[in-house]
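Biologist: I have not looked at this one before. Can you walk me through it?

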Amino acid sequence: LVLHQKQGRLQNKHVVISAGGTVEPIDPVRYISNRSSGKMGYALAKAAAEQGAQVTLVSATTTLSDPIGVKTIHIQSAQDLSDQMMAALPAADIMIMAAAVSDYRISEPAVNKLKKQTSGQLTLTLVENPDILAQLGAMKKEQYLVGFAAETQNLLEYAQTKLVKKNADMLVANDVSKQQVGFGYDTNQVTILTKNQEPQVLPLQDKLSVARKIMQKISEVIN
Ligand code: CTP
Ligand code: CA
């Protein structure tokens, strides 16, 4: 393992990866989240460590255990994730936003458990969360920034727009309406978009294989 790491293409690189689905509290016992399993982000952390990188994983909820040899920080909300990623940016060489960030949070989470309403309905007010990838894109200097896009339609068009709008260097797009692709599955089928190259369509394969190909491609463009 040590020999492998010394020969890795990402030695001396600090890679920071977010993973999992953020959790936005409603009250002390309830929350809003999403179907992210964290598998893709954890696979990326493993693949980066294999290539000799120093890896920090900022993990929202998942049932996975911390990858060996990776500094793992556990967070809950999009705001927590934003704080950690912004703090990690200056010392990072590569940043990857694989987390499924809740676009909205409850505007004022209740301090006490909400009681059932007599009216038969409950209205929650949601406010928009910071767009962390866009924040990183606005703040970055030499860092190589990677985002993901989960779409159910117009995959390449939407992903291309995100690449440009958020000032990312690479965007990994997956069509989550397909079977075996993305949320929860062990496999993924992605298309890699970069600023200057043609989209690269990868075949359906397990997430660790996808992660290794993504890390490989990053190491080729940064070295
Ligand atoms: N992302 C982020 N902060 C957010 C929302 C998304 O950093 N508040 C990141 C995700 O981690 C991902 C990329 O932005 O790397 C694209 O996320 P996605 O949900 O596909 O796109 P959005 O910009 O949120 O647009 P929409 O959900 O409307 O498609
Ligand atoms: Ca979103």
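Modeller: One term to begin with: a crossing is left-handed if the near helix is turned anticlockwise from the far one by less than a right angle, and right-handed if clockwise. Helices (H or I, at least four residues) and strands (E, at least two) are DSSP runs, numbered from the N terminus. This is a predicted model, where local features need pLDDT of at least 70, side-chain atom pairs count only at pLDDT 80 or more, and totals for chains, interfaces and linings use all residues. Residues are numbered from 1 along each chain as its sequence is written, chains are lettered from A and ligands numbered from 1 in the order in which they are written, and side-chain values use heavy atoms, with hydrogens and water left out.

Biologist: Which way does H2 cross H6?

Modeller: The crossing of H2 past H6 is right-handed.

Biologist: And which residues of H2 and H6 meet?

Modeller: On the H2 side they include Met-40, Ala-43 and Leu-44, and on the H6 side Leu-208, Ala-211 and Ile-214; contact means heavy atoms within 4.5 Å.

Biologist: New topic. What coordinates the calcium ion?

Modeller: Asp-103 does, through OD atoms at 2.5 to 2.6 Å. Donors are N, O and S atoms within 2.8 Å of the metal (3.2 Å for Na, K and Ca); water is not among the atoms, so sites may look incomplete.

Biologist: Where is Asp-103?

Modeller: In the loop between strand S6 (94-97) and strand S7 (104-106).

Biologist: How many salt bridges are there?

Modeller: Six, counting a side-chain nitrogen of Lys or Arg within 4 Å of a carboxyl oxygen of Asp or Glu. One joins Asp-186 and Lys-39 at 2.9 Å, N to O. Asp-186 is in the loop between strands S10 and S11 and Lys-39 is in helix H2, so this pair ties together parts 147 residues apart in sequence.
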